[in-house]
Amino acid sequence: MVDQLFPKVGIAMAEVLERVGYSIDFPENQTCCGQPAFNSGYRAEARTVARHFLDTFEGCERIVAPSGSCTAMVTHHFAELFEKEPETLARVHALEKRVWEFATFLTDVAGVEDVGARFPQVVTFHDGCHALRELGIRAAPRRLLANVRGLELREMLPAEECCGFGGTFAVKFAELSGAMARTKIEAILQTGAGTVVSLDPSCLMQIQGALSRAGSPVRTMHLAEVLASR
Amino acid sequence: MSVEFDQKIHDTLADANLQLAIYGSTARLKQGRIDRVGELPDYQELRTQANAIKKHTIENLDYYLEEFERNVEARGGKVVYCKDATEVADFVLGLAKEKDAHLIVKSKSMTTEEVDLNERLEHHGLESVETDLGEYILQLAHEKPYHIVAPALHKTRYDVADIFTERLHVARETVIEKQTAIARAVLREKFLAADIGISGANFLVADSGAVAIIENEGNARLTTSAPKVHITVAGIEKVIPRAQDLATFLKLLARSATGQLLSVYASFLAGPRRAGEVDGPDEFYVVLLDNGRTKLLPDRAKRQSLYCIRCGACLNTCPVYRKIGGHSFPWVYSGPIGAILTPQFMGVAHEPALPFASSLCGACGEVCPVKIDIPKILLELRSDVRKSEAREKQNRLEKLAFRGFAWLVTHPALYEMAGRIAASMAPSEDGGWISRVPPLMNLPPVKAWLSQRDLPPPPRKSFRELWRQR
């Protein structure tokens, strides 16, 4: 999704990681973690894609993803996919420890909460469901935002309610997904913030898509883009 | 997706009053839960404990059911095993005939809804009256429960005024207290005249042979004590080993369900009235219902579905339930728990789209007091639906599409080329988001997306192209 639709998010993430002292490699064979197939019930197809992921990232020291959802797929669901393949399962367990969501990589691995960003705007933060509930990420992005100069965070109520994306759910149950998105943007608009920040490009696509359709000037940004601003 | 499921979702979303009623009622229940569990310092430990008790019980269900049966019979009650709806109805009808019974009062029970007991009894000329206020309103309106705990959650007081006026021929009354008084006056007479009382059960306590019923209106207590014959209808999964386990479950149940510390009435029924007791039935029966439950037992991953204590917390917190309500669901159990119980009890073909009607946000699993991993079970069921489709040779186009997807993303060079072709076809509105696409690109998923939202404009270069140039 970042590669094909939101390349700026990837560039921003690389910039922030380099700024805090990491050197970045982008293994060119990477494509997808297989979550769309897994969540749609096509486990054999998901396994094919997951194997490709394992091959691609085998030699990497740490793998950082600009998405809580993709991270959770690797760290929480790959093991389910390979329950009956002990050898692959061992590879999964070796890999999953090295896979990090971007915000928690900064706070928990790099030990950084202030990346020297400046973003003088009022923002609100949307908790992506998989980041929040599968990975338990709530504080890390807020701590990072708190250290951005000029930024004011105004929490929406509730921040943790789903935006209605849900992968293929967004098109299979389009009307329902759209209704959920509109409830989400009501909460966003009530904060008066000009920017919605999140950890997941897919949530941001849903929210921005609904904001744009509603004719709202509020824009969405990935946390990496905010942290890359100076 | 069945046309019916699709239509019900559409109709519910399009009904502004209904949307307000569902959203408002669930919001109150949701916040109540959050407030009450927030006061419990050991809330997470209680959940873990409740889960462990349920897990242990379900894994030793035969043992505890036999213990329960022995103890019920030791207290003079009788246990009847029924495998399905017909057997339950046959048992009740047989007993009613034997006792020359005509009027039955019922307290709230999802299990009896599951087997359409009222309809079956009425079909044979018996009058079966719901005595829970919400259930009574729905019985008058000829509707099924909208919610596991709050069956008439979708009815406003104005709706209730209309129903009472039409069915009870009373003057239109919109004050809730007065509506309650109207229902109470009718129901008191029914309690006094009833030949048989039928209740559900929240817990079946194995070590004491007792049925525990948790409620707020007192109607269950009257139902189980006023008539001469009492029948409890409960799913076999309701058994718990010890009375002391209630200490765990009762702390969780009312808090999770309605945001109460405890419900108003907790009744423990053990056998018929004994010598010297003033209240209670002369005969006490417990119907233990399978109705598909034993089919779940061999499945290691999914049998945790049977841990459910029917608190409804997953419904109140579910952003899907809060939009599509209870009647969109294809069976009596709605919301996230309905989405996992229905395919398992009725078969995945009953409504193959049901496990997919979820954004997998995980809010249900987070609030479940017995820690049922609902999102995981939904994923398992999605896989089961695909297996069933493959057997039946259905939905082959989608299967092919996902095969194509898996093939494409494991061939990075082709994946990159395909991405560039798609991007070159998409319209670019000066970097603005796209609200329509050329006919050639207007494939069903794109069309569905655009029916509600705009699409991002394709970037001039993909990330990998930008990265190479760096």
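Trainee: How many bridges join strand 5 of chain A to strand 6 of chain A?

Mentor: This is a predicted model, in which local features need pLDDT of at least 70, side-chain atom pairs count only at pLDDT 80 or more, and totals for chains, interfaces and linings use all residues. Residues are numbered from 1 along each chain as its sequence is written, and chains are lettered from A and ligands numbered from 1 in the order in which they are written. Helices (H or I, at least four residues) and strands (E, at least two) are DSSP runs, numbered from the N terminus, and two strands pair if DSSP finds at least two bridges between them. Strand 5 of chain A and strand 6 (residues 219-222) of chain A run parallel, and the number of bridges joining them is four.

Trainee: Which residue in strand 5 of chain A is the bridge partner of A:F125?

Mentor: Strand 3 (residues 122-125) of chain A pairs in the parallel sense with strand 5 (residues 195-198) of chain A, over three bridges. In strand 5 of chain A, the partner of A:F125 is A:V197.

Trainee: Through which helix does the chain cross from strand 5 of chain A to strand 6 of chain A?

Mentor: Across these two strands, A:T195 stands opposite A:R219 in strand 6 of chain A. The β-α-β crossover is right-handed, and its path runs through helix 11 (residues 201-213) of chain A. Right-handed means that, with the strands pointing away from the viewer, the path from the first strand over the helix to the second runs clockwise.
The helix asked for is therefore helix 11 of chain A.

Trainee: How many residues does chain B bring to the contact with chain A?

Mentor: Two residues are in contact if their C-beta atoms, placed from the backbone, lie within 7 Å. Chain A gives 51 residues to the contact, and chain B gives 47.

Trainee: Which helix gives the largest share of the side of domain 1 of chain B that touches domain 2 of chain B?

Mentor: By an automatic or database domain assignment, chain B is divided into domain 1 (1-39 + 306-394), domain 2 (60-291) and domain 3 (411-469). In the contact, 26 residues of domain 1 of chain B meet 25 residues of domain 2 of chain B. Helix 2 (16-38) and helix 14 (313-317) of chain B each give two or more residues to the domain 1 side. The largest share, ten residues, comes from helix 2 of chain B.
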